[in-house]
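Below are my notes for a colleague who has not seen this structure before. They cover the pockets and then the sheet.

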Amino acid sequence: PKVLKKRLLIFDFDGTIANTLVIACRILNEVGGDYLLPEVKEEMIAEMKGKSIRELMRLGGLRWWQLPGFLKKARRLFKQYMEEVPPITGMPEIIRQLQGKGYRMGILTSNSEEAVRSFLDHHELEGFDFVLAPDSLFGKANVIKKILKYGKFEKESVMMIGDEVRDIDAAH
């Protein structure tokens with residue numbers, strides 16, 4: 001098997017470590033009702049993952065000035081529902097294997113740090129060097145640059161592991 005030559009693995013959380021699909025639909029519909037947004041069905045989520053924030057807002061009818069309130073309510077609900085969220089199948093074992101091989105790992109998420117830490121505690125997933133949750137949905141690339149700078153990592157020694165186009169864009 002090929003050995004990874006990376007020193008730091010940065011994971012996205014939703015859809016990569018945690019299977020938040022069902023809870024995300026519930027929350028989108030619960031909060032979306034306050035903003036008169038159309039109902040979201042589970043099968044729509046896969047299509048939504050390939051879209052930018054601007055495209056999603058245009059499709060749903062959410063206005064820019066509504067976004068901060070929408071996100072605040074959604075993050076609060078995620079914290080409440082986090083114990084219902086299962087890990088992605090096989091991910092706890094993969095994380096433990098990577099930890100056992102000495103990889104440094106962190107989480108960079110648009111979810112709340114408190115919700116992620118609650119999930120990690122609930123599923124006994126330890127060993128992450130950091131959990132970062134920037135306030136902005138547009139901030140992952142900037143946070144990655146700061147991780148590289150302050151951790152003194154070369155670009156080639158860091159790998160971003162995610163499940164969305166936005167994760168790939170941020171990694172580049």
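1. With 4 residues, α7 gives the most to the lining of the second largest pocket. Helices are DSSP runs of H or I with at least four residues, strands are runs of E with at least two, and both are numbered from the N terminus. This is a predicted model, in which local features need pLDDT of at least 70 and side-chain atom pairs count only at pLDDT 80 or more, while totals for chains, interfaces and linings use all residues. Residues are numbered from 1 along each chain as its sequence is written.

2. The second largest pocket is lined by 13 residues, and I144, L148, A170, A171 and H172 lie nearest its centre. Two or more lining residues come from each of α7, β4 and α8. A pocket is an open set of points on a 1 Å grid over the protein atoms alone, where a 1.4 Å probe fits, with protein on both sides within 12 Å along at least five of seven lines; lining residues have an atom within 4 Å of a point.

3. The largest pocket has 50 lining residues, of which M48, I53, L56, E164 and R166 lie nearest its centre. At least two lining residues come from each of several helices, including α1 (21-34), α7 (140-151) and α8 (165-171).

4. The open sheet has 4 strands in the order β3-β2-β1-β4, with parallel pairing; two strands pair if DSSP finds at least two bridges between them. Its edge strands, each pairing on one side only, are β3 (130-132) and β4 (158-161).

5. Strand β2 (residues 104-108) pairs with β3 in the parallel sense over 3 bridges. I107 stands opposite V131 in β3.

Terms used
Side-chain values use heavy atoms; hydrogens and water are left out.
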